[in-house]
Amino acid sequence: MAGGTERAFILIESTTWHFSKKYLTKAAYKCKLKLLQDYKCRRVKKMQNIPQISDAEWLVMKVLWNESPLGSSDVIKELKGTTDWKPKTIKTLLSRLVSKNAVAYDVGSRGYSYYPLVSENECAKEEARSFLGRVYNGSLNLLVKNFIENKELSTEEIEELKKLLEDK
C-alpha cells in the first residue's frame, strides 16, 4: 500500500490530474481521490485561488459536493427535476468547472467521472468575501446593520447571533 500511495503522490505532484486505473496500483487508485483532494486543497489555500463560480455552476457543484465522483449522465439525472437544462448545457458547465480547476475527472471504462477539487465551505467563504467587497465596500458592519434593519428577527435568531459574536 505504501508503494501505491507514494506513486499516487508522484502523479499528483506532477500535476497529472486525470487518472486511469492502469497507471496506479489498486490501493493507490482507491486512495488517490482523497490524496488529490487533500493536495489540491492545500495548494488552493496556499495560492488563495478559489475560482469564481456562476449561479448555474453552483447547482452543478452542489450535486458533486453531495456525492462524487459522478458521471455526466448522473449529474444530468440529478439536475433534471430542478432545471430545464439540456444535457449539453450541463456538460458545458462541467467543462467550465474543469477549466476553472473547481472540478477534475477520471477517465474510466464508463467515461468521465467528475469530482470537486474545492470544498463547498471554501467556495462559500470566497463568495461571501466577493459579495461583501462588491456590495458593501468590504464593510461587515454595514452588511449586518442592513440585514438587521431589513429583516424581522425572532428572539431565537437574535440569541443565536449574540452567541456567535460572544464565541468569536
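How many salt bridges does the count come to? The count comes to 5 salt bridges, a salt bridge being a side-chain nitrogen of Lys or Arg within 4 Å of a carboxyl oxygen of Asp or Glu.

The model is predicted, with pLDDT of at least 70 needed for local features and 80 or more for side-chain atom pairs, while totals for chains, interfaces and linings use all residues. Residues are numbered from 1 along each chain as its sequence is written, and side-chain values use heavy atoms, leaving out hydrogens and water.

**View 1. A salt bridge joins E57 and K100.** Here the closest N and O atoms of the two residues are 2.6 Å apart. E57 sits in helix α3 and K100 in the loop between α5 and β2, so this pair ties together parts that are 43 residues apart in sequence. Element names follow DSSP runs, numbered from the N terminus: helices are H or I with at least four residues, and strands are E with at least two.

**View 2. Helices α3 and α5 cross at roughly 85°.** Their axes come within 10 Å; axes are lines fitted to C-alpha atoms, for helices over the stretch in contact, and angles run from 0 to 180 degrees between N-to-C directions. On the α3 side, look for A56, E57, V60, M61 and L64, which meet L93, L94, R96 and L97 of α5; contact means heavy atoms within 4.5 Å. Sorted by class, this contact has 7 nonpolar, no polar and 2 charged residues. Ala, Val, Leu, Ile, Met, Phe, Trp, Tyr, Cys and Pro count as nonpolar, Asp, Glu, Lys and Arg as charged, and the others, Gly among them, as polar.

**View 3. Helix α3 also packs with α6, at an angle of about 155°.** The two axes are 11 Å apart, and the angle makes α3 roughly antiparallel to α6. W58, K62 and W65 of α3 meet E120, C123, A124 and E127 of α6. This contact has 4 nonpolar, no polar and 3 charged residues.

**View 4. Helices α6 (residues 120–136) and α7 (residues 140–150) pack at about 85°.** Their axes lie 9 Å apart, and α6 and α7 are therefore roughly perpendicular to each other. F131, L132 and Y136 come from α6, with L140, L142, L143 and N146 from α7. The contact has 6 nonpolar, 1 polar and no charged residues.

**View 5. L140, V144, F147, I148, L161 and L164 make a nonpolar surface patch of about 520 Å².** Patches take residues with over 30% relative accessible area and no salt bridge, joining like charges within 9 Å and nonpolar side chains (Val, Leu, Ile, Met, Phe, Trp, Tyr) within 5 Å. Areas come from the Shrake-Rupley method with a 1.4 Å probe, and for residues only the protein chains shown count as cover. The largest share of the patch, 4 residues, comes from α7, while L164 is in helix α8.

**View 6. The peptide bond from S68 to P69 is cis.** Its omega is near 0°, and P69 is in the loop between α3 (55–66) and β1 (70–71).

Conventions:
Angles under 35 degrees count as roughly parallel, over 145 as roughly antiparallel, 65 to 115 as roughly perpendicular and the rest as oblique.
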